[in-house]
Amino acid sequence: MASTNVTGQCPGPMKATSNGAFQNESPLDFALPLIILQIVLVVVFTRLLAYFLKPLKQPRVIAEIIGGILLGPSALGRSKAYLDTIFPKKSLTVLDTLANIGLLFFLFLVGLELDFAAIKKTGKKSLLIAIAGISLPFIVGVGTSFVLSATISKGVDQLPFIVFMGVALSITAFPVLARILAELKLLTTDIGRMAMSAAGVNDVAAWILLALAIALSGDGTSPLVSVWVLLCGTGFVIFAVVAIKPLLAYMARRCPEGEPVKELYVCVTLTVVLAASFVTDTIGIHALFGAFVVGIVAPKEGPFCRILTEKIEDLVSGLLLPLYFAASGLKTDVTTIRGAQSWGLLVLVILTTCFGKIVGTVGSSMLCKVPFREAVTLGFLMNTKGLVELIVLNIGKDRKVLNDQAFAILVLMALFTTFITTPIVMLIYKPARKGAPYKHRTIQRKDHDSELRILACFHSTRNIPTLINLIESSRGTGKKGRLCVYAMHLMELSERSSAIAMVHKARNNGLPIWNKIERSTDQMVIAFEAYQHLRAVAVRPMTAISGLSSIHEDICTSAHQKRVAMILLPFHKHQRMDGAMESIGHRFHEVNQRVLQRAPCSVGILVDRGLGGTSQVVASEVAYKVVIPFFGGLDDREALAYGMKMVEHPGITLTVYKFVAARGTLKRFEKSEHDEKEKKEKETDEEFVRELMNDPRGNESLAYEERVVESKDDIIATLKSMSKCNLFVVGRNAAVASLVKSTDCPELGPVGRLLSSSEFSTTASVLVVQGYDPAADTRPLVEEDAEYDQSSRDISDLTA
C-alpha cells in the first residue's frame, strides 16, 4: 500500500529520447529534448537580461539571478500550463543533476583560481579588515536568526539555522567583486587591491563556515554524526594535499610551455574532480567541496592550469552554470513574502546585512587609518553577494533548514545588496579624476635635457622585442633619468571565469607597478626588468585589465596621471611569415582610434615588422637607419622631434626628406579657404626645420635632403627608394593628399597607410605619430584634490 502511495505522488521516470512528433510523441515528454529546450530558454533569457543591465554596469550574476526568479513561480511560473510544459516536476531531477555537474566544474575553476600564496601575502591590516568584515555580520546574522525562527521559521533546528544565517550574511562574492571593480576601473587601484585581499580571506572563511553548517545540518540523530563528518572532511583535505596535489603537480611538470597538454592529463584531472566530489558527497559535506578542494591543490603556474581552464570554462560558464540559477529560481517564490510581517522581515534582513558588513569593514578600516570615504567604499564593496551565497541558500533549503519564505527573503537580500553596490560606489568614490595640467605633453620642447616619459602599450609577448628596441633607440645620450617608460600590458577582461585569474596575476604583480622586491616569473616582466638593469632607463611595467570597449580610458587616464609625453600603441595587424598583414581583431583597431581621439598627449602607432629582429638587441649592436618623410604640419613636426631624440643614440642614423611641391601637387599648397592658416603653418614648418639644421644633437648621424615632387607617383617612387631602412617615422596628418586607395586604416594617415602596406615593404617598421594639439583638447582640467591625493597615499601605505 505504501508503495502505491509513493507511485501516486511521484511522477514516473522519463525516457531519454522520443521517436518524434510524426509518431505522435511530444518531445517535451522526454528528458533529452526537454533539457535541451530548458538550456536554450535559460541561456537566451539570461543573456538578454545581461545585455539590458550592461549600461548599469551590473555583473552578469545579477541577470542570472533575476532570470532564474522570473522563470520560476514568482513570475512566468504563475502560469501552471507553462510550468507543467517547460519545467514539469518530473524533469527537475535531471535539471538539478546537470546544473550541479556544471556547478562542480565551476567550483573546480574557482578553486583553481584561488591562490593561497597570494592570500598569505595579504597585509596584516587588510587581514584585520577582512576578519572584522566577516565577524560582525556573522554575529548580526545570529541575532537575525532568532527573529526569523520566532516568526516565519518556527520549529527549525536552531543550531544549523544560526550557522546558515551567519554564513549567508557574512559572505563576500570574490568573482562578482572582481567584475564590479573592473567595470568601475578600480581593479588595479589601491582600494581595489585592498578589497580583493579582504575578499580572498573572506572566501576561504566562508567555505570553512559552510562546511561546518552542512555538517551540523545532517539528519543524524546523534551529535557524533556531525563530528564524524567534520573529521572525515578534514581527512579528505589532508589526503588531497598528500596524494592528489603531487599527482597534479607531476602532470603539470610534464607539460612544458609551448607544447600541447596531453589529452590523458586533462581526462585524468576531470576524473579526479568527479571522484573527489563523490567522496565528499559520501562523507556528507556536499559534492561541490571535493571539486573545490581539488581546484585549490592544483598547480597554478604553467600551461597546465591555463589549458584546463580554457577547456572547461566556456561550456560550464556559458551553458551549465545558468541552469543552477534557473534551478534556484524555480525554488524561489517571491509571492510567499506577503503581509506586513514578511516584508518587514525582508527589510530587517537587508538592513542587518548592510549594517554588519559596512559597519564592520568601515570600523576596522578607520582603525587602520583608511580615510572615511575609502572606508565606506570598501564597506559597500565587501557587501557584494553572488554564486556562493546561492549555494549556501540552496543547500539550506535542500536540508530543510530554510523554508520557502526564508529562502525567498534571503535570495532577494543577495540580489538587492549586489545590485546597489555599483551605483553607490560610483556615487561616493570617483578616483578617475583628471589631474592638474602638466607641461611636457609632446616630444617637442625647449629643454631637451628634461625627462621624457613614454607610455608603451602591448597586447602580448609578440610586441615586446620591437618595443624594447624602440625604447633603446629613444633613450638619447643615456644620462640617468632622461627616459622613463611605463610599459602597460593591455589585458582584456572577458566574461569568462578565467578573468579572475588575471586579477590574481595583477595582485601578485603589485599593481599598478610591479613589485621590485620579489622576482616575477612573468615573461613580460622579466623582459622589462632585464632591460632596465642593463640601461639607464627607468621602466615601470603596469597592467590595464578592462573590456576592450573601455580600455582606452585606462590608457588615457594613466597617461595623464603619469604625465607622459607620448603613448605608443601596437598596430592592430601583425605581419605573417609570407609578409602579408593579418588583423588580430577589429576591437583592437577601435581601441587605437579611441586613444587617438582622447589622448592627453602625443600618440605613436607602431607597425611592427621586427625592428632589430625577434629579440632584444644590446646597445653595442644597435645600427638602425631611420627615415622621416617631412611634408609639414603639426604631426610631421612631432615625428621629426622624435627622430631628433633618436639620433642622440650612437647607433642611429637619421635621414630627413623634406618634400617640396613643384606645381601645387601637395595638398597643403592647393588653394583653399584656409590659405592664411596654411601660410602660417608653412612658416612654422620652415622655422622648425631651420632649428633642426642648427641642432647640435644631429652631428654626423643626421642627413637632410629636400625632394621636389610633381605628382603623387613621384612621392610614392621617392618613398619606395627609401624602403631599405629599418624604421619610418611619419606624421599621421601629413599635409599631403591620399597616396593609396584604401581607407581601412584612417588612424595611419595618408603616408602611414602606404608605408604599412605589404606591397610597399615587408622589412621596414613604421611609427605613425600624432602630435598633441592643445587647441583640439576640450577635456576639462581640474586642480589636484589634495585630500584625495593624501588618502590615496594612505591606502598605498596600507597595501604596501
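Author: Arg-707 is called partly exposed because its relative accessible area is 24%, which falls between the cut-offs of 20% for buried and 50% for exposed. Please keep in mind that this is a predicted model.

Reader: What makes Glu-705 and Arg-707 a salt bridge?

Author: The side chains of Glu-705 and Arg-707 come to 2.6 Å, N to O, and the limit for a salt bridge is 4 Å, so the pair qualifies. Glu-705, with a relative accessible area of 33%, is partly exposed.

Reader: How many salt bridges does the structure hold, and how do you know that Glu-451 and Arg-453 form one?

Author: The structure holds 10 salt bridges. In the one between Glu-451 and Arg-453, the closest N and O atoms are 2.8 Å apart, and since the rule asks for a distance within 4 Å, the name applies. Glu-451 has 32% relative accessibility and therefore counts as partly exposed, while Arg-453, at 25%, also counts as partly exposed.

Reader: Why is the contact between Glu-590 and Arg-594 called a salt bridge, and where do these two residues lie?

Author: Their side chains meet at 3.7 Å, N to O, which is within the 4 Å that the term requires. Both Glu-590 and Arg-594 lie in helix H23, residues 586–598, where they are four residues apart, about one turn of the helix. Glu-590 has a relative accessible area of 26% and is therefore partly exposed.

Reader: Why is Glu-389 not given a salt bridge, and which side chain of opposite charge is nearest?

Author: The nearest side chain of opposite charge is that of Lys-385, 4.6 Å away; because a salt bridge must be within 4 Å, Glu-389 has none, although it is buried. Glu-389 has its place in helix H17, residues 387–398. Leaving aside neighbours within four places in sequence, Glu-389 is in contact with Ala-168, Ile-171, Leu-410, Met-413 and Ala-414.

Reader: Is Cys-601 called buried or exposed, and what about Cys-267?

Author: Cys-601 has a relative accessible area of 2%, and as buried means under 20%, Cys-601 is buried. Cys-267, at 45%, is partly exposed, because that value lies between 20% and 50%.

Reader: What makes Trp-228 exposed, and how is Ala-249 classed?

Author: Trp-228 has 57% relative accessibility and counts as exposed, because the term applies over 50%. Ala-249, with a relative accessible area of 23%, is partly exposed. Trp-228 is found in helix H11, and Ala-249 lies in helix H11 as well, residues 224–253. The C-alpha atoms of Ala-249 and Ala-298, 49 residues apart along the chain, are separated by 7.0 Å.

Reader: Which residues meet where H3 and H18 pack?

Author: Ile-62, Ile-65, Ile-66 and Ile-69 in H3 meet Val-411, Leu-412, Leu-415, Thr-418 and Phe-419 in H18. The axes of these helices are 10 Å apart, at an angle of about 145°, and H3 passes H18 in a left-handed crossing.

Definitions and conventions: Residues numbered from 1 in each chain as written. Predicted model: local features only at pLDDT ≥ 70, side-chain atom pairs only at ≥ 80, totals over all residues. Heavy atoms only, no water. Buried < 20%, exposed > 50% of the residue type's maximum accessible area, 1.4 Å probe, protein only. Lys, Arg positive; Asp, Glu negative; His and termini not counted. Contact = heavy atoms within 4.5 Å. Axes fitted to C-alpha atoms, helices over the stretch in contact; angles between N-to-C directions. Left-handed = near helix turned anticlockwise from the far one by under 90°.
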